[in-house]
Amino acid sequence: MNLTEKMALDCGVKVSQPYLDRYFLPIRNDNFIIIDTRCKNEIGEYDYFNDVLELIKPYLKQLNIDIFQIATEKSSKLACDKCFITINKKQENYLISKAKLLISNENYSLHIASVLNIKSIGLYSLFNSNNTRPICNKNSQIILESNRDGNLPSYGQLKESPKTINFISPYVIAKNILDS
């Protein structure tokens, strides 16, 4: 059972379409994708986003599509057009609402994209994607789950070595981005 559905069941409420407030954020080009490199758990951060960028950048530049990153201060910065670090959640909601595509580790921004019906690619390794994936607009989501080398998810409790999220090939991510 999905975590959202379980929480609704425990509270005795029905899952409905949420409302998201947004604050305007000035952007020069309305033609962009977002790569969100944040993850609550350090072992859930994908380390090969720069490799993915090398594969997709020439194609996106031909189409005049910018690449934005949402990151934390500790995150490694990607060689993209703009990096957002200190925006609030309402500005982040606005930014995601204008994006053509969102690529992210399993986190909050995937749920925002699903509510706003924005195409998204979610990278999952710490949790089973059936339990934590967004429940709104499932047809606009692409779920890429690590094979975890045949193991079950760690649920963020173990120090994985090597990190199982990195088992997702940059070529698979790049293909899904370009197909989208």
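In which loop does asparagine 117 lie, and between which helix and which strand is that loop?

A: In this predicted model, asparagine 117 lies in the loop between helix 4 (108-115) and strand 5. Its phi is near 60°, a positive value in a residue other than glycine. This deserves attention because most residues other than glycine have a negative phi. Asparagine 117 has a relative accessible area of 45%, so it counts as partly exposed, the class between 20% and 50%.

From strand 4 the chain passes through helix 4 to strand 5, a β-α-β crossover that is right-handed. The loop that holds asparagine 117 lies between that helix and strand 5.

Strand 4 also pairs with strand 1, in the parallel sense and over four bridges. Here leucine 102 is the bridge partner of isoleucine 34. Five of the five residues of strand 4 are buried, so this strand is largely enclosed by the rest of the structure. In a regular strand the side chains alternate between the two faces of the sheet. In strand 4, Leu101, Ile103 and Asn105 are buried on one side, while Leu102 and Ser104 are buried on the other.

Strand 4 (101-105) and strand 5 (120-124) are among the elements that cover the buried residues of helix 2, and strand 1 (32-36), strand 2 (66-70) and helix 6 (170-179) are also included. Those buried residues are Phe49, Val52, Leu53, Ile56 and Leu60.

Just after helix 2 comes asparagine 64, with a positive phi of about 60°, although asparagine 64 is not a glycine. Asparagine 64 lies in the loop between helix 2 and strand 2. Its relative accessibility is 49%, so asparagine 64 counts as partly exposed. Asparagine 117, in the loop between helix 4 and strand 5, is likewise partly exposed.

Conventions
Residues are numbered from 1 along each chain as its sequence is written. This is a predicted model: local features need pLDDT of at least 70, side-chain atom pairs count only at pLDDT 80 or more; totals for chains, interfaces and linings use all residues. Side-chain values use heavy atoms; hydrogens and water are left out. Buried means under 20% relative accessible area, exposed over 50%, partly exposed in between (1.4 Å probe, protein chains only). Helices (H or I, at least four residues) and strands (E, at least two) are DSSP runs, numbered from the N terminus. Contact means heavy atoms within 4.5 Å. Two strands pair if DSSP finds at least two bridges between them. A crossover is right-handed if, with the strands pointing away from the viewer, the path from the first strand over the helix to the second runs clockwise.
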